[in-house]
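Subject: Structure handover

Hi,

Here is the structure I promised to pass on. Please open it before you read my notes below.

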Amino acid sequence: MARVWVNEGAASELKRGALHVYAQNIEKAEAKDGDWVEIRHENNVLGYGFYNSKSAITVRLFTWEEESPEEVLARRLEETARWKGKIYDDTYRWIFAEGDLIPGLVIDRFRDTAVIKNQTLGLEQYLEFIAEEMQRHGVEHVYLKGKGGGRRKEGLPQTEKWLLGGRKEPVIIEEGNARFYVDVVGGQKTGFYLDQRENRIELERLVLEGDRVLDVFASTGGFGIHAAVAGGDVTFVELGRTASRTIKKNLRLNGAKGKVITADAVDTMKKMIRKGEKYDAIVLDPPALAKGRADISRAKKMYFLINELGLKLVESGGMLVTCSCSQPITPRDFLGIVQGAAEKTGRHVQLLGHLRGQAPDHTVYLPQPETQYLKCGFFRVE
Ligand SMILES: C[S@@+](CC[C@H](N)C(=O)[O-])C[C@H]1O[C@@H](n2cnc3c(N)ncnc32)[C@H](O)[C@@H]1O
């Protein structure tokens, strides 16, 4: 079996539960790129995983047991399907990479259709196997979304294709009292942002008949559709044309009406402020503004601006739902930004309950802190 020896620093990290070994911590490798390797420190075996000398994360640990890749993949797919299926039936983030102890692999399941994103070289040769395993759980179509910088860094090809079946029409999923089209081929990311599910359902609970609701950075309408289903009068703001078209389809699917503005969020909010518009509830769910530590200071300024504009548009006694999916921005940073924006705009904000996070199918694995990334606060504004 191929083997890799790691230094003492990496060994103590792995003993703590970490799943990554960086290039500088590899002492010796008797392995080829993509090999399933035994991970050793001196004479101790610390676990098993995949090796790639071309990646900054040179070894990714998958298991502490002596087992084959097929065994560990089948076991983890089975275990996660069991407990996630109990909460979410047949639509869930099946595998959340490091969060579910399968580094580099994301799988979203939308009823009979699954989408795979993979950034681990060694796993690529097992994707057909994974698709077959999923078929045993009732999945008929599996789409590989294989584009992006993460794959390039790993030396993986840029490719998008059906691994199983081939769905012609978008899937329709249910969430709370709302229904959504999910276009796994043409949509953003895997086709739908499942991480915000619980927060969207919470919004549906808090919107009253006739409330004026503004859903900014709406994507396919996630939050706003729930608000419309609850009887809200919703305006959506989304830059993407394809996503905006899907918002309209989702409105029709739910027998609801709403206004869709396909434009930049900041420009649109500034125009609305100039016109004196007010809303009873505003949702701000921008894309990740900080991907790494180097982006933090710029991202904080942007979050501040977005929240400042949002707060100016909320009616007194109304609600601000504000989110950040930037992992490097901590919950404490984020609350500080919202409070700072409140002070600047002369508003007073009260957090309803606690700062919320990602849905439970986006499992957080504490030794890999990047698995905890989403922050979502519901604030009453005065
Ligand atoms: C995190 S997603 C929103 C997810 C959505 N709230 C949901 O629940 O499905 C962020 C969205 O912001 C959009 N976006 C990015 N930059 C934008 C901009 N400058 N103005 C408006 N929308 C933008 C993206 O196209 C993406 O759909």
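I began where two domains meet: 13 residues of domain 1 are in contact with 17 residues of domain 2. Contact here means heavy atoms within 4.5 Å.

Some background. This is a predicted model, so local features need pLDDT of at least 70 and side-chain atom pairs count only at pLDDT 80 or more, while totals for chains, interfaces and linings use all residues. Residues are numbered from 1 along each chain as its sequence is written, and side-chain values use heavy atoms, with hydrogens and water left out.

The protein chain is assigned domain 1 (2–63), domain 2 (69–164) and domain 3 (171–381). Those bounds come from an automatic or database domain assignment. Taken over C-alpha atoms, the centres of domain 1 and domain 2 are 23 Å apart.

Now the interface. Domain 1 and domain 2 bury about 1,200 Å² between them, and carbon and sulfur atoms give 64% of that area. Buried area is the accessible area (1.4 Å probe) that two parts lose on being put together, summed over both. F50, R60 and F62 supply 45% of what domain 1 buries against domain 2, more than any other three residues.

R60 also forms a salt bridge with E154. Their closest N and O atoms are 3.0 Å apart. The term means a side-chain nitrogen of Lys or Arg within 4 Å of a carboxyl oxygen of Asp or Glu. The count between domain 1 and domain 2 is one salt bridge.

Best wishes
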